Number of protein chains: 2
Amino acid sequence: MTMQPATPTVLDSPLARKLSAFVRLSTDDLRVVSDLFRRRRNFGIGVEMIHQGQTDQTAFVLASGWACSYKILPGGTRQIVDFQVPGDFLGLRSVLFRTSDHNVEPITPVQASEVTQRDLLSAFAETPRLATAVLWAASRDEAMVVERLVDLGRRSATERMAHFLLELGARLRLVGMGERSGYSCPLSQYLLADALGLSAVHVNRVLRELREEGMLTFQKGRVTFDDYDALVELAAFDRAYLDHEGPLLT
Amino acid sequence: MTMQPATPTVLDSPLARKLSAFVRLSTDDLRVVSDLFRRRRNFGIGVEMIHQGQTDQTAFVLASGWACSYKILPGGTRQIVDFQVPGDFLGLRSVLFRTSDHNVEPITPVQASEVTQRDLLSAFAETPRLATAVLWAASRDEAMVVERLVDLGRRSATERMAHFLLELGARLRLVGMGERSGYSCPLSQYLLADALGLSAVHVNRVLRELREEGMLTFQKGRVTFDDYDALVELAAFDRAYLDHEGPLLT
DNA sequence: CGTTTTATTGAATAGCCTCAATATCGGTGG
DNA sequence: CCACCGATATTGAGGCTATTCAATAAAACG
């Protein structure tokens, strides 16, 4: 019922790509996805999208740009829980449940689709496979939080950095924004520090070390894997929870 | 339709207590809960209940005893992601989704109710309020993982310990196993170390320090809060995500 | 172009770890 | 009931990792 024909572009959004990697979705399913996330909103850098304690009933899907979710400590320091890249959900939990326990703000200018609780639930009812796919994505996000936990608890700064950048690469490839050789990445060393539980100074030293060892280069907004296999080895990176070969559900 | 009358004991399980704290459940709802989790199994210390990569379609609810979920790193070290106390779910995610990405094993002898995917989903269909309550519990668990992430990333060893023991106390009170003054706790210093990302030696020093400062005492399997308010202050403990006054949904 | 953010490097320090030794607890069998 | 054993707890000494403070360089931005 849309004016314009359903272009391949619409059906090939980052979200559609990601979901398709895990659950085989029909063209009709994909059309529901693109209809659901048609309403776009723009956010500037640093403009809070979701605030701790808020009880909105809306969530977002990132169409373009990067964001991060974090918690502020009384001391003024913060811990970044996760970064969001195109195709990722923001505030899915606060839609399904009650309040948000963290903040989300853009790192770059962001375009995001807004979706209400009602629309989401009715889309789920209409296309159950979509519900499965979305819940899968939510589950994967939780697995990544656990992986970050292991990072902080039991990996050295260098291993942490390697593991993090590998994981990010795998996520980006899933939505067509990265290759095995590397990807472009707008994260500053300060943001990396807040995510990895390090000081910005040490982030810099770690990156230098990795570069001098010929493992990876992160300069001018681009991550280049100079020796992918060595990195995987160093970080004990287990692709299992990210790199599925094809759709799990056919 | 049970032979024996519904005793208060059955309806007052740790799980029923916890769920009731967040969603008002009718006696009928509670009966569904107790029916659902009637089938009990016993596990000895160290006997794996859930194994990384397994694709069982069963989950458990702890009836008595303590367990922990963890990931093993290639180096042989491990990171404990969370402890489970009576009333907590084990492997809820692997029921709703596909595979488990971590291991779960008992710390003390454990009695747990087994529940299959089928039974759980049909119970949800029968009593929607139960589904809400369970999803709430799952969401709370995820919030705790995030809190642990903040622990590891941005809190000192002392703050971490204080925050962790306060959180554990709040969880136990929810199921009637602790008071404001303290609680009994079977965790060894080695387990604490694996959970908090510290060495066992340092755990010992931190506990001594907290004891000498008159904040808390952890000896002979019992945690005693010597100065609760000072601890809350030290750890920047925010009860919000745990300590709800009454049922959220009435 | 100045101005602000971001990156880079050095020096000194603090926090936590490892290694190592001893003490205590809880159970187990003689 | 006691001697013994493994697991847990406790304490010291020295070392490594990452931090803080501080200063400079390089980009990014209007």
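Let me start with DNA strand D. In this predicted model, 17 residues lie around DNA strand D, and those that come nearest are A:Ala157, A:Ser199, A:His202, B:Ser188 and B:Gln189. Both protein chains are in that list, with Ala157, Ser199 and His202 from chain A and Ser188 and Gln189 from chain B.

Which elements supply the surface near DNA strand D? Helix 9 of chain A, and helix 8 (189-196) and helix 9 of chain B, each supply at least two residues. The largest share is from helix 9 of chain B, at 6 residues. Sorted by class, the surface near DNA strand D has 7 nonpolar, 7 polar and 3 charged residues.

Now the other strand. DNA strand C is surrounded by 17 residues, and the closest are A:Ser188, A:Gln189, B:Ala157, B:Ser199 and B:His202. Here Ser188 and Gln189 come from chain A, whereas for DNA strand D they come from chain B. For the surface near DNA strand C, helix 8 (189-196) and helix 9 (200-212) of chain A and helix 9 (200-212) of chain B each supply at least two residues. Helix 9 of chain A gives the most, with 6 residues. The class count for DNA strand C is 7 nonpolar, 7 polar and 3 charged.

A word on the annotation for this part of the chain. An unreviewed UniProt entry places the feature "domain: HTH crp-type" at residues 155-229 of chain A. Over those residues chain A is 55% helix and 15% strand.

Next, how the two protein chains meet. On chain A, 29 residues are in contact with 29 residues of chain B. Strand 4 (78-84), helix 4 (92-96) and helix 6 (128-154) of chain A each supply at least two residues of the side that touches chain B. Helix 6 of chain A gives the most to that side, with 13 residues. By class, the side of chain A that touches chain B has 16 nonpolar, 6 polar and 7 charged residues.

Last, the symmetry. How are the two copies related? Chain A superposes on chain B by a rotation of 180° with 0.0 Å of shift along its axis, at an RMSD of 0.0 Å. The two copies are thus related as by a two-fold rotation axis. And why can we say that the copies meet through the same surface? Because 100% of the interface residues of chain A are also interface residues in chain B.

Terms used. Residues numbered from 1 in each chain as written. Chains lettered and ligands numbered in written order. Predicted model: local features only at pLDDT ≥ 70, side-chain atom pairs only at ≥ 80, totals over all residues. Contact = placed C-beta atoms within 7 Å. Helix = DSSP H or I, 4+ residues; strand = E, 2+ residues; numbered from the N terminus. Nonpolar A, V, L, I, M, F, W, Y, C, P; charged D, E, K, R; others polar. Near = placed C-beta within 6 Å. Least-squares fit on C-alpha atoms with pLDDT ≥ 70 in both. UniProt positions renumbered as here; feature names shortened; annotations may be inferred.
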